[in-house]
Amino acid sequence: MATLTVKLSLISENATSDKLNLNVMDTLAFSNDVVQKRFATSTTAAKFLEADDYGKSYVYLKNLSTVTAEKIYIRTGATDSANIHEIAAGEFIFFSWAGDEDLNYDADSGTPVLEMLLFEV
């Protein structure tokens with residue numbers, strides 16, 4: 001069994017009435033190989049994680065674009081489903097995924113590249 005150490009730091013002098021200094025760390029265990037892929041997205045929605053192929057996982061996604069207008073939307077289900085994540089150019093997200101619904105991407109404009117790492121539990 002492999003482990004992944006995840007750290008999150010939120011630090012700000014003026015975001016709240018007090019100084020914000022939040023540091024959280026966890027060690028996550030996963031059993032299968034890491035899946036690493038890059039997807040050239042487009043304004044046509046496409047499935048990139050199939051629920052039938054994976055169980056509970058930890059997912060890292062990054063929009064590799066440097067063009068402000070090239071946002072990537074992540075949603076479950078079909079093309080007309082609601083967006084659950086919006087990843088702007090240069091931004092990243094890390095989240096746990098139950099693996100019970102497909103994940104799709106859709107670009108706001110252009111063809112930004114979506115980088116993905118999947119750590120299956």
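This is a predicted model: local features need pLDDT of at least 70, side-chain atom pairs count only at pLDDT 80 or more; totals for chains, interfaces and linings use all residues.
Biologist: What makes the contact between Asp-106 and Arg-75 a salt bridge?

Modeller: Their side chains meet at 3.1 Å, N to O. The cut-off is within 4 Å, so the pair counts as a salt bridge. The two residues sit in distant parts of the chain, 31 residues apart: Asp-106 is in strand β9 (residues 103-107) and Arg-75 is in strand β6 (residues 72-76).

Biologist: Is Asp-106 buried or exposed, and how do you know?

Modeller: Asp-106 has a relative accessible area of 11%. The limit for buried is under 20%, therefore Asp-106 is buried.

Biologist: How many salt bridges does a search of the whole structure find?

Modeller: The search finds 6 salt bridges. One of them joins the side chains of Arg-38 and Glu-115, at 3.1 Å from N to O. This pair also links distant parts of the chain, with Arg-38 in strand β3 (residues 34-40) and Glu-115 in strand β10 (residues 113-120), 77 residues apart.

Biologist: What makes Lys-47 and Glu-50 a salt bridge?

Modeller: The closest N and O atoms of Lys-47 and Glu-50 are 3.2 Å apart. That is within 4 Å, so the pair qualifies. Lys-47 and Glu-50 also belong to a network of salt bridges with Asp-102.

Biologist: Why is Lys-47 called partly exposed?

Modeller: Lys-47 has 45% relative accessibility.

Biologist: In what order do the 4 strands of the open sheet lie?

Modeller: The order is β3-β10-β5-β8, with antiparallel pairing. The twist averages 15° from one strand to the next.

Biologist: What makes β3 and β8 edge strands?

Modeller: Strands β3 and β8 (92-97) each pair on one side only.

Biologist: How do you know that β5 and β10 pair?

Modeller: Strand β5 (residues 57-63) is joined to β10 by 7 bridges, and the two run antiparallel. Pairing needs at least two bridges, so β5 and β10 pair. Among the bridge partners are Leu-61 and, in β10, Met-116.

Methods. Residues are numbered from 1 along each chain as its sequence is written. Side-chain values use heavy atoms; hydrogens and water are left out. Buried means under 20% relative accessible area, exposed over 50%, partly exposed in between (1.4 Å probe, protein chains only). Axes are lines fitted to C-alpha atoms, for helices over the stretch in contact, and angles run from 0 to 180 degrees between N-to-C directions.
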